[in-house]
Every structure is written in C-alpha cells, then in structure tokens.
Amino acid sequence: MKTRTLGPFTVSAIGLGCMPMSMGANVKPSPEQAEATVHAALDAGVTFLDTADIYAPSWDTMGHNERIVAKALKSWSGDASTITVATKGGITRGEGETWGRDGSPEYLRRALEASLTALERDVIDLYQWHRPDRSLPYGQVVEVFKGFQDEGLVKAVGISNANVEEIQVAIDVLGPGGLVSVQNEFSPKFRSSRGELEFCGENGVVFLPWSPLGGTGAGSQEVGLTYPAFTEIGRRRGVSPYQVVLAWELSLGEHVIPIPGASRPESITDSAKAADLELTAEELDEIEAQFN
Ligand SMILES: NC(=O)c1ccc[n+]([C@@H]2O[C@H](COP(=O)([O-])OP(=O)(O)OC[C@H]3O[C@@H](n4cnc5c(N)ncnc54)[C@H](OP(=O)(O)O)[C@@H]3O)[C@@H](O)[C@H]2O)c1
C-alpha cells in the first residue's frame with residue numbers, strides 16, 4: 001500500500017473511518033463484525049484509523065468507537081504499534097441526546113482523559129479539535145491543544161471543520177510544522193471545501209476528507225449513480241466506483257489522505273485498493289467534466 005506523510009507519522013494513503021461501526025445511517029454491526037472490519041483494514045495495509053469520543057450509538061455510551069478500535073488492535077495478529085490512531089474532542093453529547101460544543105480547557109482535558117482510557121493508551125497519536133466552539137476565540141482553544149502536546153499527552157494536533165481563516169490561526173498558534181492536519185467534509189457531492197484542501201497543500205498541512213464517498217447510507221451508496229464517470233472509469237479499469245472516487249481525491253495532492261468509513265470488512269478491503277489506483281490525465285478530466 002502506498003504511504004503518505006502525516007506530521008511525524010508515515011501512514012497508508014487510505015485510512016479507515018471507524019464511525020459507521022458506532023453511528024450513521026447504516027445498521028450497526030455486531031461487535032464481532034466491527035472487530036473483523038478493523039482487522040480487514042489492517043490486513044489490507046491500512047495503518048491509519050480515525051475515531052472520535054462521540055462516535056457511539058447513544059449519549060451514554062460515548063467512547064464506544066474508541067473501545068472498538070482498542071479491542072481490535074489488541075486482538076489483531078499484526079504489530080499494532082505500527083498503526084496510527086487519530087481521535088477527536090470538543091463536541092458534547094448529553095442526556096436526551098443534547099449536542100453541543102465545549103472548547104474550555106476543563107472540558108477538553110476531561111474529554112482527552114476519557115479518550116486515553118477508552119483507547120487504552122498513555123498518549124494519543126493525533127488529537128483533533130472536532131468542531132469550533134464559536135463562543136471562544138479560535139486561537140485560545142488551539143492553545144489548549146498545544147498545551148496537551150507540550151505535556152506529552154498527544155503526539156500531534158489536528159483540527160476539523162475549519163475554514164481558511166481558522167486554519168491560519170491554528171498554524172500561527174502551533175508554529176512551524178505544528179498543525180498536522182485539517183479534517184473537513186469533502187466528496188464528489190461536497191466539493192465546496194476545495195479551497196481549504198488547496199490552502200492546506202500550500203501550507204504543508206495534511207487534508208483528511210471526511211465522508212469522502214458522500215456519507216453513510218444513500219450518499220455513498222449512490223455516488224456511482226449520481227456521478228456516472230466514477231462508474232464508467234471503474235468499469236473500464238475493473239474496479240469499483242468507490243475506488244475511483246478515492247483515487248480522484250488522492251490525485252488532488254500528496255497531502256490528501258481520505259478516510260472512507262466502513263462497517264463491513266468488504267467495504268474497506270475494496271476501498272484500500274484505491275491507494276494503488278493511478279488515474280490518467282484523461283480520466284481525471286472526465287471526472288472533473290461531470291461536475292460542470
Ligand atoms: N470530522 C467530522 O466532523 C466527521 C464527520 C463525519 C465523518 N467523519 C469521519 O469520516 C469517516 C468517513 O465518513 P463516513 O463514514 O461518514 O462516510 P463515507 O466514508 O463517505 O461512507 C461510508 C459508507 O460507505 C460505504 N463504503 C465505503 N467503502 C465502500 C466500498 N468500497 N464499497 C461499498 N461501500 C463502501 C460503507 O458501507 P458499509 O457501512 O456497508 O461498510 C459506509 O457505510 C467517518 O468514519 C469518520 O471517521 C468525520
């Protein structure tokens with residue numbers, strides 16, 4: 001599997017988005033299927049897993065997804081120390097499924113400690129601020145993440161759902177090389193974050209497209225119908241439209257690492273192959289032309 005650089009880590013060019021194993025439009029897999037899905041990713045050469053504290057079936061089971069990741073890494077036959085795990089904090093879930101955001105130092109420390117426990121780790125590889133808490137100055141919250149890194153609780157810092165102005169603030173606060181990644185929605189149906197994708201490339205920051213296939217449920221299931229060039233190119237190359245979507249995203253820059261979600265082993269086994277699918281200039285033109 002081809003690799004890409006993610007701050008201090010070298011990871012597979014395709015990661016695994018673990019969210020569909022705990023929430024989303026699809027049917028939740030059994031614990032056995034979830035474990036088999038993570039194992040299928042790792043066996044296919046995926047060395048980068050994305051999770052979050054809020055990925056859980058209900059507000060009172062937060063950490064559900066992180067616990068799946070921890071368990072699957074422990075039971076995997078390979079060397080789990082070679083796997084980079086990213087998680088996120090900053091979104092709150094409370095009784096009655098009330099959702100909010102909290103960028104205060106006290107809340108974020110509690111969230112980080114809960115993630116360390118759920119992931120059974122002393123240090124988080126990549127800790128991402130999940131969504132801006134716009135009641136606080138952006139840079140002030142990034143300082144909190146920087147503090148966690150200075151304390152040795154996290155190896156690298158990322159942000160998510162950030163606009164260009166916020167990315168620039170994070171770069172300024174974290175200093176040279178300090179902001180490792182930006183995780184924003186990006187897919188054939190959601191291309192409006194291309195400005196952020198390009199800004200990251202110009203500034204040496206990795207861009208992690210979330211919901212890279214269009215999201216759980218119909219979004220991903222229908223991507224090849226809504227955008228037929230992916231299906232047509234896939235038919236000619238003997239691969240799935242999903243692989244063509246992910247290969248197109250990889251072609252947008254060496255700094256792009258898509259994290260397709262999966263709740264079935266078959267999905268990620270197929271998606272992982274996109275890392276080695278090189279699209280021709282003509283195929284890329286065909287893909288871009290369908291968006292016009
Ligand atoms: N930062 C944020 O705010 C944020 C928000 C949303 C998501 N995320 C992250 O982004 C990750 C990916 O997003 P997502 O899971 O929402 O959507 P997605 O990756 O666009 O789509 C996931 C769905 O696509 C299906 N799929 C994937 N590869 C396939 C293949 N090769 N063939 C057939 N079906 C395939 C999966 O089906 P099965 O379930 O049947 O396997 C899965 O349900 C999440 O897991 C999460 O880690 C981050």
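Analyst: Helix H4 crosses helix H5 in the right-handed sense. This is a predicted model, and the values here are computed from it. H4 covers residues 138–150 and H5 covers residues 164–174. Their axes come within 9 Å and cross at roughly 45°. At that angle H4 and H5 are therefore oblique to each other.

The contact takes in Tyr 138, Gly 139, Val 142, Glu 143 and Lys 146 on the H4 side. On the H5 side it takes in Glu 166, Val 169, Ala 170, Val 173 and Leu 174. Sorted by class, the contact of H4 with H5 has six nonpolar residues, one polar and three charged.

The next two pairs both involve helix H1. Helix H1 (residues 31–43) and helix H2 (residues 64–75) pack with their axes 9 Å apart, at an angle of about 60°. The crossing of H1 with H2 is right-handed. H1 contributes Ala 34, Glu 35, Val 38 and His 39 to this contact, and H2 contributes Ile 68, Val 69, Lys 71, Ala 72 and Ser 75. Five of the residues in the contact of H1 with H2 are nonpolar, two are polar and two are charged.

H1 also packs against helix H11, residues 265–272. The axes of H1 and H11 come within 8 Å and cross at roughly 15°. Angles under 35 degrees count as roughly parallel, so H1 is roughly parallel to H11. The crossing of H1 and H11 is right-handed. From H1 the contact uses Ala 36, Thr 37, Ala 40 and Ala 41, and from H11 it uses Pro 265, Ile 268, Thr 269 and Ala 272. The contact of H1 with H11 holds six nonpolar residues, two polar and no charged ones.

With three residues, H11 gives the most to the shell around the ligand. In total 31 residues surround the ligand, and the closest are Gly 17, Met 19, Ser 220, Gly 261 and Ser 267. The shell is made up of 10 nonpolar, 18 polar and three charged residues.

The protein chain has 12 helices and 11 strands. Its radius of gyration is 18 Å, close to the 19 Å given by the globule rule for 292 residues, so the chain is as compact as a globular protein of that length. The C-alpha trace of the chain spans about 55 × 40 × 40 Å along its principal axes.

Methods. Residues are numbered from 1 along each chain as its sequence is written. This is a predicted model: local features need pLDDT of at least 70, side-chain atom pairs count only at pLDDT 80 or more; totals for chains, interfaces and linings use all residues. Axes are lines fitted to C-alpha atoms, for helices over the stretch in contact, and angles run from 0 to 180 degrees between N-to-C directions. Helices (H or I, at least four residues) and strands (E, at least two) are DSSP runs, numbered from the N terminus. Angles under 35 degrees count as roughly parallel, over 145 as roughly antiparallel, 65 to 115 as roughly perpendicular and the rest as oblique. A crossing is left-handed if the near helix is turned anticlockwise from the far one by less than a right angle, and right-handed if clockwise. Two residues are in contact if their C-beta atoms, placed from the backbone, lie within 7 Å. Ala, Val, Leu, Ile, Met, Phe, Trp, Tyr, Cys and Pro count as nonpolar, Asp, Glu, Lys and Arg as charged, and the others, Gly among them, as polar. A residue is near a molecule or strand if its C-beta atom, placed from the backbone, lies within 6 Å of it. The radius of gyration is taken over C-alpha atoms; the globule rule is 2.2 Å times the number of residues to the power 0.38.
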